[in-house]
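Dear colleague,

My notes on it follow directly after.

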Amino acid sequence: MSVAAETPQHFKVCSECKRTIAFSADYFRCSVSTCNRKRTGLYFCSVPCWDAHVPMMRHRDAWAETARAPTRETYLAELAEDRRRETEEREAAMSEESEKGRRIVGLSDEGVPKEVLIVVSKLKNYVKARSGMSTSDGVIEVLSNHLRLLCDQAIAHAGTAGRKTVMDRDFTAVVPADPASPE
Ligand SMILES: [Zn+2]
Ligand SMILES: [Zn+2]
């Protein structure tokens, strides 16, 4: 984190005229909630600046609300708190995602090959015969990733069934329909 980001010299810049809004200064916000979102919120140094954004946003019923900028100390504390929470949420989401698969069967990340899993020429032949279209090479990686994901799900399915072998029914369980197999 750079020093400049750690010690901002002002609270915000006006969304319209780009003049700075100082700490502890009065400023204006829009009464419309979409103009006040945490990430994309609009800040105005004056009512004329607020006026200028109204036709652009096509507000039908809106007014300017006065607000008081926080002190630098308060603002820094808020920033630090936001960063801490974001990091926490990101870490929680990541560990939950990777836990899901590992919990049951212990999916490994080590020495797992990330190679092409499909027969490229046969895939291209199929698309060509079916539609006359050609197939871009980028498709191969996307489909291989998709197959890996399916395998992971089938592995988990076999694991919950207490098996050491992944079977066709583990795939039919995670793929909704198998058009090739007659009912
Ligand atoms: Zn302004
Ligand atoms: Zn607005």
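In this predicted model, the zinc ion (ligand 1) is coordinated by Cys14 (SG), Cys17 (SG), Cys45 (SG) and Cys49 (SG), at 2.3 Å. Donors here are N, O and S atoms within 2.8 Å of the metal (3.2 Å for Na, K and Ca); water is not among the atoms, so sites may look incomplete. The four donor atoms subtend angles of 102 to 115°, which makes the arrangement tetrahedral (four donors with all angles between 85 and 135 degrees). For comparison, the ideal angle for four tetrahedral donors is 109.5 degrees. Along the chain, the donors of this ion follow the spacing C-x2-C-x27-C-x3-C. Cysteine 17 lies in the loop between β1 (12-13) and β2 (20-21) and cysteine 45 in the loop between β3 and α2, so the pair ties together parts that are 28 residues apart in sequence. Helices (H or I, at least four residues) and strands (E, at least two) are DSSP runs, numbered from the N terminus. Cysteine 17 counts as partly exposed, at 32% relative accessibility; buried means under 20% relative accessible area, exposed over 50%, and partly exposed in between (1.4 Å probe, protein chains only).

The zinc ion (ligand 2) has Cys30 (SG), Cys35 (SG), His53 (NE2) and His59 (NE2) as its donors, at 2.0 to 2.3 Å. Their angles of 98 to 119° make this arrangement tetrahedral, and their spacing is C-x4-C-x17-H-x5-H. Cysteine 35, in the loop between β3 (26-30) and α2 (47-57), and histidine 59, in the loop between α2 and β4 (64-68), link distant parts of the chain, 24 residues apart. Both cysteine 35 and histidine 59 are buried.

The largest nonpolar core has 10 residues, among them Cys14, Cys30, Cys35, Cys49, Leu42 and Trp50. Such a core is a set of buried Ala, Val, Leu, Ile, Met, Phe, Trp, Tyr and Cys residues joined through side-chain atoms within 4.5 Å. The helix α2 gives the most to this core, with three residues. Leucine 42 touches Ser15, Arg29, Cys35, Asn36 and His53, not counting residues up to four places away in sequence; contact means heavy atoms within 4.5 Å. A second, separate core of eight residues includes Phe11, Phe23, Tyr27 and Tyr43.

Residues are numbered from 1 along each chain as its sequence is written, while chains are lettered from A and ligands numbered from 1 in the order in which they are written. Local features need pLDDT of at least 70, side-chain atom pairs count only at pLDDT 80 or more, totals for chains, interfaces and linings use all residues, and side-chain values use heavy atoms, with hydrogens and water left out.

With kind regards

Definitions and conventions. Four donors count as tetrahedral if all angles lie between 85 and 135 degrees; four count as square planar and six as octahedral if opposite donors are over 155 degrees apart and all others between 65 and 115; anything else is irregular.
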